[in-house]
Amino acid sequence: MTQRIEARFEQCRQEGRAALVTYVMAGDPDPETSLAILKSLPKAGADIVEFGLPFTDPMADGPAIQAAGLRALKVGQDTDKTLDLIRRFRAEDQDTPVILMGYFNPIYVYGVDRFLVDAKEAGVDGLIVVDLPPEEDDELCLPALKTGLAFIRLATPTTDDHRLPAVLKNTAGFVYYVSITGITGAATPDFGKVATAVERIKHHTPLPVVVGFGVKSGVHAAAVAKGADGVVVGSALIDAMKGTLDADDRATSHTVEAVTTLVKELSEGVRSVAKKAAAA
């Protein structure tokens, strides 16, 4: 069910390192540039890619990702077009796991059954839908698992040991630990506390635990990689891309390169931390 995800984490374990997970918004700043960025991520060192599904009311996202979603919506990006970009990515890359990340509303409007069939066919490996708690698993989580898509759940600093079993019950692929209480890109986490939290979560699940929110540099990535199975970076990549856009938010000749340059730095940071390699 989560073959590509499992294979990628196993590869990272064999190499004795954490995975680098990168997030970008589908259709930002335009569909073709978005596709070029998506294709460039694995080549620059990303192990797993999260592709944002644009939505008008992204409650968990900070200013960078909110703005990215609005830029994408402005040029007409929708669920159909997002799945098409993933199909085009899959024509060249059959190995890199792709996680679609967003909110339930666009999926509900598209139609859950139709969406799951189309997402699977397009080459999506898993979903992160931040506004569906475990109590709503019947809405999307369980149908997604039945379709063969991983449903990846978020745990936070306020998810205590009493709540964790419910959060983890139907989680597949990996667990995404949100390292701060707040929105994406808002603050730098306390890396010592992050390692302790990851260890606590690992007592409840055999799944890999990746850490996101607040990672902005190779140094940050290395600090998180010491205690986590993976490091997620999103807002920093979007900020790097935004810095290259013209006054009308159009891509320039530096747009893709700005993203790949930061991904390479992040990859070097993650790979600089040697972890115990898995037994052959």
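Strands (E, at least two residues) and helices (H or I, at least four) are DSSP runs, numbered from the N terminus. Val 210 lies in one such run, strand 8. This is a predicted model, in which local features need pLDDT of at least 70 and side-chain atom pairs count only at pLDDT 80 or more, while totals for chains, interfaces and linings use all residues. Residues are numbered from 1 along each chain as its sequence is written, and side-chain values use heavy atoms, with hydrogens and water left out.

- Val 210 is buried, with a relative accessible area of 0%. Buried means under 20% relative accessible area, exposed means over 50%, and partly exposed lies in between (1.4 Å probe, protein chains only).
- Contact means heavy atoms within 4.5 Å. Leaving out residues up to four places away in sequence, Val 210 touches Phe 9, Phe 174, Val 175, Tyr 176, Tyr 177, Gly 230 and Val 232.
- Val 232 is 22 residues from Val 210 along the chain, and their C-alpha atoms are separated by 6.8 Å.

**Aromatic rings**

- Rings of Phe, Tyr and Trp (its six-membered ring) pair if their centres lie within 6.5 Å; planes under 30 degrees apart count as stacked, over 60 as edge-to-face and the rest as tilted.
- By this rule the model has 5 aromatic pairs. In one of them, the ring centres of Phe 104 and Tyr 108 are 5.8 Å apart and the planes stand at 55°, so the pair is tilted.
- Phe 104 and Tyr 108 are 4 residues apart in helix 5 (residues 104-110), about one helical turn. An α-helix has 3.6 residues a turn, so residues three or four places apart point the same way.
- Phe 104 is buried at 12% relative accessible area. Tyr 108 is exposed at 55%.
- Tyr 176 and Phe 213 form an edge-to-face pair, 6.1 Å centre to centre with 90° between the planes.
- This pair links distant parts of the chain, 37 residues apart: Tyr 176 is in strand 7 (residues 175-178), and Phe 213 is in the loop between strand 8 (209-212) and helix 10 (218-225).
- Tyr 176 is buried at 4% relative accessibility. Phe 213 is buried at 8%.

- The charged end of Arg 114 sits over the ring of Tyr 110, 3.8 Å from its centre. The rule asks for NZ of Lys or CZ of Arg within 6 Å of the ring centre and within 35 degrees of the ring normal.
- Asp 118 lies in helix 6 (residues 112-122). Asp 118 is buried, with a relative accessible area of 19%.
- Asp 118 touches Leu 83, Arg 87 and Tyr 110, not counting residues up to four places away in sequence.

**Helix packing**

- Axes are lines fitted to C-alpha atoms, for helices over the stretch in contact, and angles run from 0 to 180 degrees between N-to-C directions.
- Helix 2 (residues 31-44) packs on helix 12 (residues 255-271) at about 25°, with the axes 9 Å apart. That makes helix 2 roughly parallel to helix 12. Angles under 35 degrees count as roughly parallel, over 145 as roughly antiparallel, 65 to 115 as roughly perpendicular and the rest as oblique.
- Contact residues include Ile 37 and Leu 41 of helix 2 and Val 259 and Val 263 of helix 12.
- The crossing of helix 2 and helix 12 is right-handed. A crossing is right-handed if the near helix is turned clockwise from the far one by less than a right angle, and left-handed if anticlockwise.
- The axes of helix 11 (residues 235-242) and helix 12 come within 8 Å and cross at roughly 145°. This crossing is right-handed.
- Helix 3 and helix 11 pack at about 60°, with their axes 9 Å apart. That makes helix 3 oblique to helix 11. Helix 3 passes helix 11 in a left-handed crossing.
- In helix 11, Ser 235, Ala 236, Leu 237, Ile 238 and Met 241 are buried. The buried residues of helix 11 pack against strand 1 (19-25), helix 2, helix 3 (63-74), strand 9 (230-233) and helix 12.

**Pro 31 in helix 2**

- Pro 31 is found in helix 2. Pro 31 is partly exposed at 26% relative accessible area.
- Leaving aside neighbours within four places in sequence, Pro 31 is in contact with Val 75, Gln 77 and Leu 85.
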